[in-house]
Amino acid sequence: LCGHCEDVRSVWANHHALVLPSRQESAPKTLIEAMVCGRPVIAADAGGVREWLREGESGFIAEAATARSFGFALERAWAAQDQWERMGERGHADACAKLDPDPAGELLNLIVEAKRRNE
């Protein structure tokens with residue numbers, strides 16, 4: 001663990017994959033950051049992980065947040081380490097396609113539209 005870092009890209013310049021064994025998540029920001037930076041993800045099937053990650057395509061999903069299940073996912077990842085660069089590229093493309101390039105503008109549009117409907 002390296003502590004706080006202002007530039008998430010610098011983290012992923014020196015690390016090969018994200019290991020996310022969470023038991024409870026929503027849409028984990030770390031998963032999205034790793035994918036945008038072109039890194040494969042090994043994650044437990046918690047919260048919105050399956051909405052972002054594709055098994056064998058952009059990473060590996062443990063069936064449950066247990067040591068045994070996560071161990072199997074890590075084994076699959078290790079066996080496919082020659083594919084990590086390609087998986088990172090796919091994850092990057094998937095994440096960029098899902099991310100809103102202007103979330104503040106979209107929120108403003110939703111607020112303006114809601115106000116118009118209430119007038």
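Visitor: How many aromatic pairs does a search of the whole structure find?

Guide: Zero aromatic pairs turn up in the whole structure. A pair needs ring centres of Phe, Tyr or Trp (its six-membered ring) within 6.5 Å; planes under 30 degrees apart are stacked, over 60 edge-to-face, the rest tilted. A caution on the source: this is a predicted model, where local features need pLDDT of at least 70, side-chain atom pairs count only at pLDDT 80 or more, and totals for chains, interfaces and linings use all residues. Residues are numbered from 1 along each chain as its sequence is written, and side-chain values use heavy atoms, leaving out hydrogens and water.

Visitor: What makes K98 lie over the face of W52?

Guide: K98 lies at 5.2 Å from the ring centre of W52. The rule asks for NZ of Lys or CZ of Arg within 6 Å of the ring centre and within 35 degrees of the ring normal. So K98 counts as lying over that face.

Visitor: Why is the contact of D45 with R50 called a salt bridge?

Guide: Their closest N and O atoms are 2.9 Å apart. A salt bridge is a side-chain nitrogen of Lys or Arg within 4 Å of a carboxyl oxygen of Asp or Glu, so this pair qualifies. The whole structure holds eight salt bridges.

Visitor: What makes R116 and E113 a salt bridge?

Guide: The closest N and O atoms of R116 and E113 are 3.9 Å apart, so the pair meets the cut-off. Both lie in helix 6, three residues apart, about one turn of the helix. Helices (H or I, at least four residues) are DSSP runs, numbered from the N terminus. R116 is exposed at 55% relative accessible area, whereas E113 is partly exposed at 36%. E113, R116 and R117 are linked in a network of salt bridges.

Visitor: Why do K115 and E119 count as exposed?

Guide: K115 has 52% relative accessibility, so it counts as exposed. E119 has 68%, so it also counts as exposed. The side chains of K115 and E119 meet in a salt bridge of 2.9 Å, N to O.

Note on methods
Helices (H or I, at least four residues) and strands (E, at least two) are DSSP runs, numbered from the N terminus. Buried means under 20% relative accessible area, exposed over 50%, partly exposed in between (1.4 Å probe, protein chains only).
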